[in-house]
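Hi,

Here is the structure I promised to pass on.

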Amino acid sequence: MSVQSEQYFSALLADYTATRDDERELMNQQAALFGVVIAALGVFAALSVSENEGKLAIPPLVLAGLPMIPMSLIFLLQLIGSQATARSFYARSLEREIRAHISSSSTVGGYPSLRPMLYREMMDTLSSLSGGRRIPRFLTILIILTIAVTFISLVVWTAWDFSVFLKLAMAGLYIPLLTMVTVEAVSATIYGRTYFKRLIAETGVRSRRPLTPRTQPPGSPDRGRSLVSYLILPRPLDLPKAAFFLIGALLIGALDRDVSRYPNFWWQVAVLAFLGEFIIYQCRYQLNDIRGLWEDIASPMAAQRGRIPGVRSGTRPTWIVAVVMTAMVVRLYLGVLICALPFISFFHHFVPMLASIFVLAALYETLRGIERRSTTVSGIGFVTTCPKWVVYATLALVSLGYPLRTLLGMLLPGTGTYPDRDIPGSWTSVALPVGWSPMVTVVLYAASIGLIFVTMTWCLEGGGYVTAKITTAVPPVHLYRSDIVRKPHLLVLLRQTGSTFQPTASTQPGDFDGKAEKWLRHPGRATAAWKLALVFASALGAAVAAQILDDKLLGVDSVLLSLSAIVSAVSYAIIRPKVTATWLTWIAVLATLVSAAVQVYLAIAIGQETGAAVNRICLAIAALAGPVLVYLFFEHQSHTTLKTVPPIFTGRFWKNVGKALLRVLIGRETADTL
C-alpha cells in the first residue's frame, strides 16, 4: 500500500471512529429526550384535566398555547432523528469504503456473510423503516403513532369547548406544524436514500462557498425585493388606496352623525381598513401576479414593478407559485381570525368585503384573459385582435376598485355590533346609513377619481415600452415594443398623449428611456381619458361638498360651486399645458379655503360640535381640491419615479437607519470610526 493510500485509509478510520462516537452520544440524547416528551405530555394532560374540572383557572389563550411545549420537544426529537439518518448513511458509506481496502475473504465469527465493518448495515437491517425486519419496524411505528395519537387527542380534547375562532387559530397553528414534522419524518426514514442524496448535493454546493463573510461590492446594483418581502406585502405602493375606505367612513360621520356614535365605531374603521387593504386586497394582488407572471417577467419595468421575485424566463416557477398561493391562504386565514374581535363580524364584515373584491377581480381577470388570448406572434412582432370594447371595459372596470373601497367604508362600520352579529339571517336588519342620492354621488365621484388614478398610471406604464425616438421626423416618432399589445389598454392610453407612435419588433433597450419620460406633460388630446375624468370628478366633488355642507356654502348654491370646480378642472386639463399661469385654479382653491375657515367659525358659533364641524369642512375641501391635486401629482411623474419600490422595503434602508441611530447615540466621528 502506497503512502498516499495509507494516509487515505487512516483518514477513513479516523472519520469512522468519530462518527461512531457521535452516534453513541446521539443515542443517549435521543433516549433522554424521549422520556422528557412523555413527561411533557403527562403534565399537559394533567393541566387540561384540572382546568376542565375547575381545579385550575387557566385562561383559554394560555391553555391553547400549552401544546407548543411538548410539540417543541417533538421537533427536537425529529431533528435528532434526521441527523441520525444522515449519520447512518454516511457511516455505511465509510464502512463500504473501508471494506474495499480489506481482503474480501476475511470473515468474522465463522459466519460466511459477516465481514468486518458491517455494524451500521446490520443495525439498519434490523430497525430501518424503509426495509428493516418486520417486528422491529412495527414496534418503531407503534411508538411514533402512540406519541402522535396521544398528542393530537389531548389537543382536540383541550380545544373542545373553546370558541370557534380560537379553535381555528389552534388548527391553523398545529396542523401545519404536525404536517411539517410528519413530512420530515417520512422523508428521513422511508425515503432516506433520496433524502441523503439531496443532502449530499446541497452539501457539495455549500462546501464550494467561501467561509469568509459575503459582502456586496461597492457600487453594485441593488438586488431588489426578496421573496419574503413580497410575501409579507406584495404591493406596498397600493396601500394608500386604503384612504378611500377611511374617506367613506368619514363621509358617513359627516352625513349621519349618529353612525359615528356606535360602540367601537372608529376601532371598526381602523381594523376593517387593515382587513380590506392589507389582507384581502393584497391577496387579490398576488392572484393577479400569478395570472400575469410571464407578462411581468417580460415587462421592461419588471424590476420597478416588484412583482413575484426569483422567477426567470425559461424556468419552471413551480415552488415559487406554490409558496405564493400558500401565502394567499395564510393571509385569508388571518383575516378570518381577525373576526374574533368582538366588534368585527365574519358575516357582516369579512364575507361582503371578500365577495365584493373578488367578484370585481373575477370580472377584471376575465377581460384580461380575453386580451391575452387575442395576442399572437408574427414576423413583425406581437399583434392583437382584441375588440375595443374589451379595452374600454377593462379601463372602466379597474377604476371601480376605488368606489368599492369608499362604499365599503360607508356601509360596513357601525354594523354587526349586536349579539347575533355572526348570524347570516340578520342581514335584514342592515339598512343604508344615508339616502340613495348621496351614496350614488359619492360612488360616482370615487369612480372618477379612480379613473384618473388608473389612466394616468397606466399611461406611464405604457410609456415604459417606448425604446427609441426618431427626432428627424416631423413630428418626432416614438418607437414602442410590439409586446405592449399584450396589454392593449396601455397602448390606447399612450396614444392619448398626442405624440406619434410606431411599433418595432425589437424588445431590446434603445437609446430612449421611455420609463423616465414624463408622458403626461405632453400636450395630449383634449378628450384624453384622464382629462375627461378630471372634469367629471370635479363636478361630482362639488356635489359631494355641497351635500356635506347641507347644500349651501356661505349662501352660494351648489350649482355655482359645481360650475366653479368644472372651470378649475378644465383650466388644468386643457389650458394649463398651453399657458404658464394657473391663476384661475388657485383663485378657486383660495376661495374654498377662506370659505371653509368662515364655515368652521359659523358652525362653532351656532353650537355644533367642533370635531364634527372640522370633519365636514375638511371633507368638503378634499372633495373639491382632490381631483386637481391627484391630477397634478401624476402629471409630474414618470414611471421611474412613480413605481420605484420605497426604500423602506429594502435591506439597505434599514442598514442606513441603524448607522444613523448609532451616529445620534455615540456621535458621528466615533460611529464613522467604528
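Predicted model: local features only at pLDDT ≥ 70, side-chain atom pairs only at ≥ 80, totals over all residues.

The largest nonpolar core has 85 residues, and the members that touch the most others are M353, I484, W519 and W530. Who supplies the most to this core? That would be helix α17, spanning residues 436-463, with 12 residues. There is also another core lying apart from that one; it has 25 residues, including L33, L154, V155 and L177. As background, nonpolar side chains tend to be buried together in soluble globular proteins.

If you skip its neighbours within four places in sequence, W519 is in contact with C459, L460, G463, V466, H478, L494, T497, F501, F512 and G514.

Next, T457, which sits in helix α17. Is T457 buried or exposed? Its relative accessible area is 15%, which is under the 20% cut-off, so T457 counts as buried. Its side chain reaches the backbone oxygen of F453 at 2.7 Å. Again leaving out neighbours within four places in sequence, T457 is in contact with F634 and L642.

Now the outside. I135, F138, L139 and L142 make up a nonpolar surface patch, and together they have about 420 Å² of accessible area. L142 belongs to helix α5, which covers residues 134-158. With a relative accessible area of 41%, L142 falls between the 20% and 50% limits, so it is classed as partly exposed.

Cheers

Notes
Residues numbered from 1 in each chain as written. Heavy atoms only, no water. Core = buried A, V, L, I, M, F, W, Y, C linked by side-chain atoms within 4.5 Å. Buried < 20%, exposed > 50% of the residue type's maximum accessible area, 1.4 Å probe, protein only. Helix = DSSP H or I, 4+ residues; strand = E, 2+ residues; numbered from the N terminus. Contact = heavy atoms within 4.5 Å. Patch = residues over 30% accessible without salt bridge, like charges linked within 9 Å, V, L, I, M, F, W, Y side chains within 5 Å. Areas by Shrake-Rupley, 256 points an atom, 1.4 Å probe, with all protein chains shown as cover. Salt bridge = Lys/Arg side-chain N within 4 Å of Asp/Glu carboxyl O. Polar contact = N/O pair within 3.5 Å; in protein donor to acceptor, adjacent residues only side chain to side chain.
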